[in-house]
Amino acid sequence: MEQAGLREWRRALLADLTGTVVEVGAGTGVNLPLYPATVERLVLTDPSPAMLSRLRAAADRDTTDPGPRSVEVVEAHADALPFDDGEVDAVVSTLVLCSVPDPAAVLAEARRVLRPGGRLVFLEHVAAEDRPARLRWQRRLDHVWPHVAGGCHLDRRTGVAIADAGFVLGDVTRESARKASPLVRAMIRGTATSP
């Protein structure tokens, strides 16, 4: 999926970020080499000690030049970020909102830490609302899928959740991820602004 287009989607989403950026659920650090030099402080967060170990190794290996001036790895749940209100210029979420227990709490926390006008940058797989047969399968399998796929839910309506959290949706693209399982092929990517 990465080589079939996902990496370029990530690169485009991160290209114009500046200032202080927090990535929630940073996992293995796949986004790390894609951040531009205009990011002064990049804070990569994840709640999993195993992922944090991999993330630290990726941060130590990353010699991308130019890249962010400062990179930190912090243990934190996406719904309890260690930042003051309005301290952050952008929050990045890529393939995270499908697996958190409470997306509304995560989005509320993102709004809390973002400065007014700050951006939520997202790339997520979502419910296949434009493919009724596929959506039926997503709904049928969603009671089992999270147990075998790290908490991932198949039928979340992430765009709606972002708007419901009070963000102003900007450029948003819905499309199908090439080389992905049909169950997770429907994707949404874009930005939303904190009022």
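Visitor: Quick one to start. Which residue in β4 does E23 stand opposite?

Guide: E23 stands opposite V92 in β4. Keep in mind that this is a predicted model.

Visitor: Okay. How many bridges join β1 to β4, and do they run parallel or antiparallel?

Guide: Four bridges join them, and the two strands run parallel. Strand β1 covers residues 19–24, and β4 covers residues 88–94.

Visitor: Zoom out for me. What is the strand order in the sheet?

Guide: The order is β3-β2-β1-β4-β5-β7-β6. That makes seven strands in an open sheet, with mixed pairing.

Visitor: Which strands stand at the edges?

Guide: Those are β3 and β6, the latter at 168–176. Each has a single partner strand, so one side of each is left without a neighbour in the sheet.

Visitor: And how many degrees of twist from one strand to the next?

Guide: The twist averages 15 degrees.

Visitor: Now helices. What does α2 lie across?

Guide: Helix α2, residues 49–61, lies across β2 (39–46) and β3. Its direction is at about 170 degrees to β3.

Visitor: And α3? Which strands does that helix touch?

Guide: Helix α3, residues 103–113, packs on the sheet and touches β4 and β5. Its direction makes about 145 degrees with that of β5, which spans 114–125.

Visitor: Which residues of α3 are buried?

Guide: The buried ones are P103, V106, L107, E109, A110 and V113. Seen down the helix axis, they fall within an arc of 160 degrees, so they line one face of α3.

Visitor: Let's talk cores. How many residues are in the largest nonpolar core?

Guide: It has 28 residues. V91, L120 and F167 have the most contacts inside this core.

Visitor: Which elements give two or more residues to it?

Guide: They are β1, β4, α3, β5 and β7, with β7 at 186–193. The largest share, four residues, comes from α3.

Visitor: Back to V91. What is it in contact with, beyond its sequence neighbours?

Guide: Leaving aside neighbours within four places in sequence, V91 is in contact with V22, V24, A110, V113, L114, R119, L120 and V121.

Visitor: What about the second core, how many residues are there?

Guide: That separate core has 27 residues, including L17, Y35, L42 and A58. As a general point, nonpolar side chains tend to be buried together in soluble globular proteins.

Visitor: New topic: V71. Where is it?

Guide: V71 is in strand β3, residues 70–75.

Visitor: Buried, exposed or partly exposed?

Guide: V71 is partly exposed, with a relative accessible area of 36%. Leaving aside neighbours within four places in sequence, V71 is in contact with L32, L42, L44 and A59.

Visitor: How many residues apart in sequence are V71 and L44?

Guide: They are 27 residues apart in sequence. In space they are 7.5 Å apart, C-alpha to C-alpha.

Definitions and conventions: Residues numbered from 1 in each chain as written. Predicted model: local features only at pLDDT ≥ 70, side-chain atom pairs only at ≥ 80, totals over all residues. Heavy atoms only, no water. Buried < 20%, exposed > 50% of the residue type's maximum accessible area, 1.4 Å probe, protein only. Contact = heavy atoms within 4.5 Å. Pairing = 2+ DSSP bridges. Axes fitted to C-alpha atoms, helices over the stretch in contact; angles between N-to-C directions. Arc of directions from axis to C-beta. Core = buried A, V, L, I, M, F, W, Y, C linked by side-chain atoms within 4.5 Å.
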